[in-house]
Every structure is written in C-alpha cells, then in structure tokens.
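Reader: I am new to this structure and would like to go through it by question and answer. Could we start with the inside and then turn to the parts that meet?

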Amino acid sequence: MKVAVVGFGKMGMLHAGILNILPSVKLVAVCEKTGLIRRFLKKVVRDVCVVDCVEKLSGLDLDAVYVTTPIESHFPVVKSLYESGVRCNLFVEKTLASNFGEAGRLCEMVRKLGGVNMVGYMRRFCVTFMKAKDLLDEGVVGKPVSFRAYAYSSDFFGLKRNSKVQTPKVGVVRDLGCHALDLALWFFGNFRVEDARLESVVNDGSVDSAYFRVKASSGVVGEFNVSWCVDGYRMPEVGFFVEGSEGILNVNDDELAISLKDGKERKWLRHDLGDRVGFLLGSPEYYREDERFIEAVLGRKSVEPCFETATKVDRLIDEVLARAG
Amino acid sequence: MLVGVNPFHGISHLSQERSRIRGNEPTNPEFAARLIGLSVENGADGFMFSVSEQTLSILDVLRKNGGNNGLCLYAIVPYAYEYVRLASVAGGVPGLAKRLVREIVFSGNLGAVASGLNGILRSDLASLVKTYLLYEVSRIRRSAGGKAKLESVLLHQLLTDLCLGLDLEWIFKFYTEFLLRTGIVPGFNTGNFALLVEKFREWKISLEDVVIVAPFNKVGFQMVPSREECEKALASLPKPNVLAISVLAAGYLRPEESVDYIAGLPNIKGVAVGVSKEKHAVETFKLLREKLQ
C-alpha cells in the first residue's frame with residue numbers, strides 16, 4: 001500500500017515513522033512547503049519522492065494520504081487533494097478544518113467522491129479512554145448525569161504577557177480542547193454549548209484559556225476547562241470526571257478509576273490495560289490509530305472518527321467562540 | 001548502577017498526577033545533586049540524563065561540590081521534549097532550527113560552527129548532526145568538569161525510533177562511527193529494543209561497539225512488541241551492553257519485586273533508576289547493590 005504524507009512537521013514525521021513500519025505499507029512520498037526541509041529530506045530518505053505541492057502527488061498511484069499540515073491549511077490541502085485527482089483515502093490530523101463551514105464542505109466532497117477518511121483524534125485509541133468508553137457503555141456507573149472535562153498543558157505557562165512567543169493562531173479550544181470535545185461526543189453523544197468564556201493570557205487577542213458549559217441531547221450536562229497556561233502539565237493532558245446514577249468515573253491519559261455507590265472501587269493504570277503495540281513512537285495510541293486507518297483502507301471499510309464525526313467537533317468549537325462573543 | 005533523570009525533570013511515566021504530587025523539590029538542582037550524592041554513597045556509580053539546562057545545572061552543582069569525582073555520565077541527546085515544546089512556541093521546525101543555530105553560534109565552539117556552516121551550505125545533514133553532537137559534548141564537559149567521565153552519548157528514544165521507523169540506516173552508521181572516533185561510546189535509547197537489535201544485525205552495525213538503553217521489567221511495561229521478544233533479543237547479544245530502564249515499570253512495581261527479574265537477565269550492563277526522595281535514594285541503591293553486584 002503506497003502512502004504519502006503532506007506536511008513534515010512533528011506530526012508528519014511521527015506518522016511517517018509509524019506508517020513505514022506497518023506491514024503492507026510503504027511511505028512513497030512527502031509533500032512539504034518549506035524549502036529547507038525539502039532539501040534535507042531529499043538527501044535523508046531513500047526511495048521517497050519529495051515534492052512541494054499536493055498536485056505533484058498525482059500520478060503516484062497512492063492508496064492513502066496523511067494530511068499533517070497546520071490546521072489553517074487542512075481545508076485547502078484536502079480540497080486540492082480531491083480536486084487534483086490525488087484523492088483516495090485520507091487521514092487528516094485534528095481538527096478537520098478551521099471552522100464548521102469548511103469541515104462541512106469537506107464532508108460534501110467525501111459524499112461525492114467516496115474513500116476511507118479519518119481524523120486524528122488519537123485519544124480514542126488511548127487505553128484508559130477506551131476502557132472508560134466500555135464502562136460507560138456497559139452502564140457500570142449507571143446513567144451519566146453530569147461531567148467535568150479538562151484539557152491542560154504547560155506549553156505557555158509562566159510567560160510574560162505580550163512576550164515575543166506566538167501561540168498557535170487557532171487558539172487553545174481548537175488546538176487542545178478539541179480532544180476533550182471529541183471524547184465527550186464519543187462518550188455522551190451530541191450536545192450544544194450553553195455558555196462560554198475565553199481568556200487571553202499570553203498575548204492580546206490570543207485565546208489561551210476557555211471555560212464552557214454544555215448540555216447533551218440525553219440530558220447530561222457538562223463543563224469544560226481548557227488552557228495551555230497551567231503549571232504541572234508538561235505533556236498535554238485530557239481528563240473527565242463523570243457522575244453517573246450509580247457512581248463516579250475519573251479518567252485521564254494515564255489512569256482510570258471508578259467509585260460506585262455500593263462501595264466498590266477500582267483503579268486501572270496503563271499497565272493494567274494491555275497498552276501494547278507493535279512499534280512505539282510517541283505514544284502507543286498513534287500506532288493503534290494508524291493501524292486502524294490502514295486496516296480500514298485495506299478492507300475498504302469506514303472507520304471512526306471519520307470526517308462526518310469530526311465535523312461535530314468543529315461545529316462545537318464555532319459554538320464556543322460564538323457564545324463567548 | 002545509574003541514577004536516572006526523570007524525577008529531576010518532573011517526569012513520571014506512571015502518571016503526570018504523580019509528578020505533580022511530588023512537587024518541585026526534585027527539580028531543584030541542589031536537591032537533585034544531593035540525591036545523586038546519596039545514591040553514589042549507596043552504590044550508584046553514574047548518572048544518565050537528557051541534556052538540558054536543568055541537568056547541566058545539576059552537573060554544575062556536582063562539579064562545584066566535588067560530587068563529580070569518578071562519576072560516569074550517560075548523556076541522552078537531544079532533550080526531545082524541550083525541542084518539541086520549543087517548536088510549538090518558535091513557529092514549528094524552521095523556527096526551532098533558527099533558534100538552535102543561534103545557540104550554537106553563540107556557544108563559541110568553532111569546530112561546531114564550521115561544521116554547521118558547511119552543513120547548511122551543502123544541505124548536508126551529516127555535518128549538522130556532527131555540529132550538534134560537538135555542541136552538546138562541549139556543553140556537558142563544561143558543566144561536568146574533568147573529574148567526571150563522559151562514557152556515552154545516547155540518541156534520544158524519540159529520534160532513535162523515528163530513524164528506525166524511517167529505515168535511516170545511514171544515521172545509525174554515521175552516529176556510531178563519529179562517536180567512536182571521538183572516543184565516546186555511541187548509545188541508543190529505544191522503545192523498540194527487539195527491532196533495533198534486528199536492524200543493527202541487518203545493517204551490520206556492530207552490537208559490541210554500542211550501548212543500548214531500553215525498558216526491561218517483569219510486567220513487560222513499554223517492552224515492544226512484547227516482553228518475550230525483548231528477552232529473546234537480549235539473550236542474542238554478543239556481550240552485556242544494555243542499560244535497563246523502567247525496571248520499576250515507572251513506579252508500578254516495588255524495587256524488591258522488580259530487582260530479581262533484572263538480576264536474572266543476561267547481557268544487562270547496568271540499570272538506571274530515578275529517585276525523588278533521600279530515603280528512596282538510599283534504599284533503592286542499597287537494594288540494587290545487594291542484588292545486582
């Protein structure tokens with residue numbers, strides 16, 4: 001199976017490294033806009049075609065393309081892939097697009113042109129969240145009543161206001177909070193945003209922290225706290241505290257715990273949840289995610305989270321930004 | 001027996017919550033140096049660390065208080081976390097590259113600057129790798145002083161495994177040959193031990209010339225693809241050149257229950273264990289000395 005990666009930043013490198021190891025996959029092309037990186041790449045990787053625009057990928061008879069460019073460029077890149085005939089099976093790093101409108105237009109293209117598609121919400125492949133999803137579906141804590149979610153990192157903690165540091169233009173809700181939103185949709189189904197507040201910490205106008213409340217169609221109510229200016233989160237972390245009719249469930253990237261009204265308690269660490277993969281690069285969830293996408297392409301089956309599913313996250317982010325004014 | 005660095009960087013692979021509970025004390029260079037000193041008194045003979053401002057400060061303290069005397073150093077480069085973070089705040093990979101170039105130029109290491117210039121002009125990654133290694137080695141030596149011994153410079157796990165994934169045979173060969181020429185043992189920190197051993201054989205890189213740092217513990221935590229495959233690859237090595245990490249499975253196991261497993265493995269050159277409290281430093285290294293030496 002021949003695969004290309006568009007955008008050779010940190011996520012592009014990571015996926016390229018994993019894909020090249022997967023049986024039946026061969027990285028055959030990299031598309032990268034930055035000339036310096038392209039020049040080095042041509043000398044470093046053997047048997048890989050290095051190009052500067054996606055149109056040049058046509059003719060390579062690709063089976064799948066990974067889009068790992070900055071979020072702002074997802075829409076034009078994916079659109080070009082479809083329009084230039086390179087299109088086929090696409091994996092796009094989260095979030096699918098910069099806004100709901102763009103995401104919706106990409107879904108229309110999928111409906112017209114077909115192909116397997118997936119968006120890189122990799123926490124769905126993290127063993128703690130996978131187990132939490134199973135427990136919630138099994139009703140172990142009863143019917144979910146409410147939840148509190150967070151997505152924190154220390155990436156911009158401790159910076160002086162208006163220092164030279166530039167935060168990602170898309171803001172913290174789209175860059176980091178999207179993971180919590182995707183997991184909440186996965187756990188509890190659709191919901192709408194009821195109230196939202198945004199805060200600029202690093203620069204005037206940057207979106208660095210956010211708080212918002214939501215209500216699901218099932219009646220579950222939730223709160224989100226998102227920030228990249230929090231101390232103690234060397235690695236980005238997402239977590240949920242879920243209150244159900246029969247008990248509570250606490251989960252984050254590292255651990256999962258339940259405490260039931262009948263007095264039963266249990267805790268799982270990654271160690272207890274079979275966190276094994278065939279090749280480790282970054283975190284095990286990236287391998288599982290890529291493996292799932294490739295299996296879907298080989299089997300010509302749909303896979304989650306697909307573009308349609310991921311569009312819901314883009315819709316909610318737009319709602320948060322609109323509610324916050 | 002090496003003192004590991006994770007607690008000094010505020011890292012716990014068990015959970016971030018655990019490192020938050022630990023607080024900032026282990027990240028204080030004075031305190032970290034004291035823990036290393038205590039560990040050495042109780043059997044440790046080296047320090048394995050990612051090269052960062054934080055760990056260089058610890059080496060500074062050790063040099064000033066004489067704690068570097070005979071200490072064996074195993075330095076891991078680059079400190080990938082810091083570079084990934086810098087890439088986020090400096091505008092991606094190009095922004096990170098610019099910042100690194102600036103640091104190397106201002107380091108005053110003329111050999112590194114010349115090699116780096118050559119690398120940029122000719123788009124030659126080998127020259128840039130050489131530049132970077134010269135820069136890091138000079139930083140370590142400056143902080144550690146002459147009494148410490150730089151045993152090995154190890155390629156960080158993220159880089160080793162990325163190069164492994166991309167099948168970059170030439171990087172492993174270049175890295176090995178360059179460090180051997182400088183009299184430093186080339187090392188590789190990997191999360192894919194069995195594959196690395198297999199690839200080195202395929203690429204004809206002598207497994208006798210390198211040190212490999214990889215997780216080994218009785219619950220198979222981070223042993224990829226499986227504990228069995230890693231043990232098989234370990235047994236196949238020509239000599240003991242593996243430094244075991246995650247021997248306590250990131251704190252999941254107690255030292256008493258994990259040490260017998262390590263003691264029973266062949267070809268283990270040493271172990272690295274992180275400590276965050278004075279009591280841990282004393283007890284852990286006493287136990288390791290008793291069981292492993």
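Reader: Which residues touch the most other members of the largest nonpolar core?

Author: This is a predicted model, in which local features need pLDDT of at least 70 and side-chain atom pairs count only at pLDDT 80 or more, while totals for chains, interfaces and linings use all residues. Residues are numbered from 1 along each chain as its sequence is written, chains are lettered from A in the order in which they are written, and side-chain values use heavy atoms, with hydrogens and water left out. A nonpolar core is a set of buried (under 20% relative accessible area, 1.4 Å probe, protein chains only) Ala, Val, Leu, Ile, Met, Phe, Trp, Tyr and Cys residues joined through side-chain atoms within 4.5 Å. Of the 205 residues in the largest such core, those touching the most other members are A:Leu57, A:Phe212, A:Phe240, A:Phe307, B:Phe47, B:Phe193 and B:Phe216.

Reader: Which helix of chain A gives the most to this core?

Author: Helices are DSSP runs of H or I with at least four residues, numbered from the N terminus. With 11 residues, the one that gives the most to this core is helix H6 (residues 171-188) of chain A.

Reader: Which residues is B:Phe193 in contact with, leaving aside neighbours within four places in sequence?

Author: Contact means heavy atoms within 4.5 Å. By that rule, the partners of B:Phe193 beyond four places in sequence are B:Ile212, B:Ala214, B:Phe216, B:Val224, B:Cys230, B:Ala233, B:Leu234, B:Leu237 and B:Val242.

Reader: How far apart do the C-alpha centres of domain 1 and domain 2 of chain A lie?

Author: Domain bounds come from an automatic or database domain assignment. For chain A that assignment gives domain 1 (2-120) and domain 2 (123-273). Their C-alpha centres are separated by 29 Å.

Reader: Which side chains meet in a salt bridge with an N to O distance of 3.9 Å in chain A?

Author: A salt bridge is a side-chain nitrogen of Lys or Arg within 4 Å of a carboxyl oxygen of Asp or Glu. Between domain 1 and domain 2 of chain A the count is one. In chain A, the side chains that meet in this way at 3.9 Å, N to O, are those of A:Lys169 and A:Glu72.

Reader: How much area do chain A and chain B bury between them?

Author: The size of an interface is often given as the accessible area lost when the parts come together. Here buried area is that loss (1.4 Å probe), summed over both parts. In contact are 40 residues of chain A and 44 residues of chain B. With 60% of it on carbon and sulfur atoms, the area buried between the two chains is about 3,700 Å².

Reader: Which residues of chain A lose the most area to chain B?

Author: Together they make up 20% of what that side buries. They are A:Phe40, A:Arg234 and A:His271.

Reader: How many salt bridges are found across the interface of chain A and chain B?

Author: The side chains of A:Arg46 and B:Glu169 meet in a salt bridge at 3.9 Å, N to O. Across the interface of chain A and chain B, the rule finds two.

Reader: Is A:Gly120 buried or exposed?

Author: A:Gly120 is found in strand S6 (residues 117-120) of chain A, a strand being a DSSP run of E with at least two residues. Not counting residues up to four places away in sequence, A:Gly120 touches A:Phe91, A:Val92, A:Glu93, A:Lys94, A:His179 and A:Glu289. With a relative accessible area of 0%, A:Gly120 is buried.

Note on methods: Buried < 20%, exposed > 50% of the residue type's maximum accessible area, 1.4 Å probe, protein only.
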